[in-house]
Amino acid sequence: MISESHNSTGLQHSLKQRHMSMIAIGGVIGAGLFVGSGVIAKAAGPAAILSFLLTGGLVVLIMRMLGELASSLPVVGSFYEYARLAFDDKPKVSKFLGFMSGWMYWYFWVVVVALEAIAGAKLVNFWLPDVPSWSISLVLLVSMTVLNLFSVKAFGEFEFWFASIKVVAIIVFLFVGALFITGSLPNSIPTLGFLTSNGGFMPHGWGPVLSGAVAATAFYSGAEIVTIAAAETSDPAKAIARATNSVITRVLMFYVGSMFVVVCIVPWDSPAIATPFVSALTVMNIPYAAHIMNAIILTAVLSALNSSLYASSRMIFALTRRGDAPTGLVKLSKNGVPIRAILFSTLFAYFAIAVSYVSADLVFPFIVNSYGILILFVYLLIAISQLRLRRRLERECPERIKVRMWLFPYLTYFTIIAMLVILGAMSVSSDTEQRVSFWFGLLSVVIMSVMYYIKKLVNDDRNGGEAADTKVELKHV
C-alpha cells in the first residue's frame, strides 16, 4: 500500500478554520436532536438526559481518537485510510478492513442524503401542503448537489452559515429555557417542573435509559466529517486539533442541556413530548413556536443533506484512489471538486426517494433499517485503528502526535468494549426497531463482504495473482 500526501490529491485547500469548526458542530446537530430526542424521552422519562450523556461521552472519546490520528496523519479518506494503515503488516486484513470501513461509511451517508431530502419535503409541506412531497425532495437534492459541484468553498460557506443558525437557535433556546426554569420570565416561577414528577426521574428504570443511549448514537454521527474535510484545508493538523477540541464541550452542552430544558418543561408522558422543542416553546408562551421550530429544523435538515452529500462523495473519492471503487470516479473538475464522485453518490439517493413513494412498505424499510448500525461498526474500527497506530506513531515519529488520546490505552479499550456492548444490546433488544436495525445492518455488512471478495477475485484474475503489498513508514504518510 503506497500512501499519498493530501497535497497530491488535486483537491483544493479552500476550507478555513471557521468552516472546520462549524462543520464539526453542525455535523452533529441534525433533525435527530429536534425531533428524535422526544422518542427517547417518551421511553426513558427525564432520565433521557443520561442517555444522551452516555452516548455523547462515547462520541467524545471517538472524536478525540480521530483528532489524534487526523492531526498526526492528515490523509484523504481519514479513517478509511487509518483502517488500512493500522493493519498494513497484515495485507489481507488491511485491504478488507479498509474496503469495509469506506463502503460502510459511504452507504450510511448516501442513505442519510435520501432521508434528509424526504424529511425536508415534509417540513416544506407544513407551509405548502398542496405541493407533492416527491417534487420537493428532488428540488432539495438537486439544489444541494449543485452547491457541492460548484466548489468546496461553497460547501464550507453554506455549512458555516446554516450550522451557525442551528447553534444560535440552541443557545437562545437554552437561555430562554433557563430564564423560564428560574422564574425570570413573565408568568413563570422557579421550578424544575416535570424533572422528578410523573413517576420520578427514572420512571422505568435503567433499561430504557440504556436502550435510549443506543438509539441516540445515530443522533451524534456527523462530527467525524471534519476529519474528512481536513484534506481540503491549508493546515490540516492545526484545523483538526482546534475543531475536535471545540466539538467536545459544545456537543455535550447542546444535547444534554437541551434535553434538560425539555424534560423540565414538558411532561415526558404526554403526547406533547413527540415534538419536544415546539412543545417547550409553546409552554414558555413563545409566539409562532411551530413556525419557528419548523424553520430551524428545515435549516438543520438542509445542513445535514449538504454535509452528508459532501461526506459520501469524499469517501467514494478516497475509495477510488485505492482501487476499492471504479477508478473513473476519481476525476476532478477545474475547481478541484470530485464531480463524478458527487453525482455517483446522489444516484442512490434518487433511487431511495423513488422507492420511498413507490415501495414504501417493502424496499424502503430495508434501506432505513439496514444503515443505522454501520456507523457503530465504523466507530469500532476507528478505535481499533487508533489503538494500533498510536503505538506505531510513538515508535516511528512521536513528534507528529499533536493531539493525544486521554489515558491511552485504557480509554481506548473502554470505548471498544462499550461499542461491542451497544451492538450486543441491539441484537437482543426488546425494542423491535433496534433489533431489526441490527440484523438488517448485519445483512448489509455481509453483502459488502461478498462485494469485497468478488472484487478481489476479479482483480486477482486480472493481475495473475494477488499483488504484493508493502508496509508504509508513518513518517512518509
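Begin by selecting Met202, which in this predicted model is partly exposed, with a relative accessible area of 25%; that value lies between the 20% under which a residue counts as buried and the 50% over which it counts as exposed. Met202 sits in the loop between α7 (152–181) and α8 (206–220). Then show Ala47, Leu50 and Val209, which are in contact with Met202 when its neighbours within four places in sequence are left aside.

Next, turn to the nonpolar core. The largest one has 161 residues, and Tyr105 and Tyr107 are those with the most contacts inside it. Helix α5 (residues 91–125) gives the most to this core, contributing 20 residues. Select Tyr107 and, not counting residues up to four places away in sequence, you will find that it touches Phe348, Ile367, Ser370, Tyr371, Leu374, Ser444 and Met448.

Finally, select α5 together with helix α6 (residues 133–150), which pack at an angle of about 120° with their axes 8 Å apart; because of that angle, α5 is oblique to α6. The crossing of α5 past α6 is right-handed. To display the contact, pick Val113, Ala117, Ile118, Gly120, Ala121, Val124 and Asn125 on α5, and Ser133, Ile136, Ser137, Leu140 and Leu141 on α6. Coloured by residue class, this α5–α6 contact divides into 8 nonpolar and 4 polar residues, with no charged ones.

Definitions and conventions. Residues are numbered from 1 along each chain as its sequence is written. This is a predicted model: local features need pLDDT of at least 70, side-chain atom pairs count only at pLDDT 80 or more; totals for chains, interfaces and linings use all residues. Side-chain values use heavy atoms; hydrogens and water are left out. A nonpolar core is a set of buried Ala, Val, Leu, Ile, Met, Phe, Trp, Tyr and Cys residues joined through side-chain atoms within 4.5 Å. Buried means under 20% relative accessible area, exposed over 50%, partly exposed in between (1.4 Å probe, protein chains only). Helices (H or I, at least four residues) and strands (E, at least two) are DSSP runs, numbered from the N terminus. Contact means heavy atoms within 4.5 Å. Axes are lines fitted to C-alpha atoms, for helices over the stretch in contact, and angles run from 0 to 180 degrees between N-to-C directions. Angles under 35 degrees count as roughly parallel, over 145 as roughly antiparallel, 65 to 115 as roughly perpendicular and the rest as oblique. A crossing is left-handed if the near helix is turned anticlockwise from the far one by less than a right angle, and right-handed if clockwise. Ala, Val, Leu, Ile, Met, Phe, Trp, Tyr, Cys and Pro count as nonpolar, Asp, Glu, Lys and Arg as charged, and the others, Gly among them, as polar.
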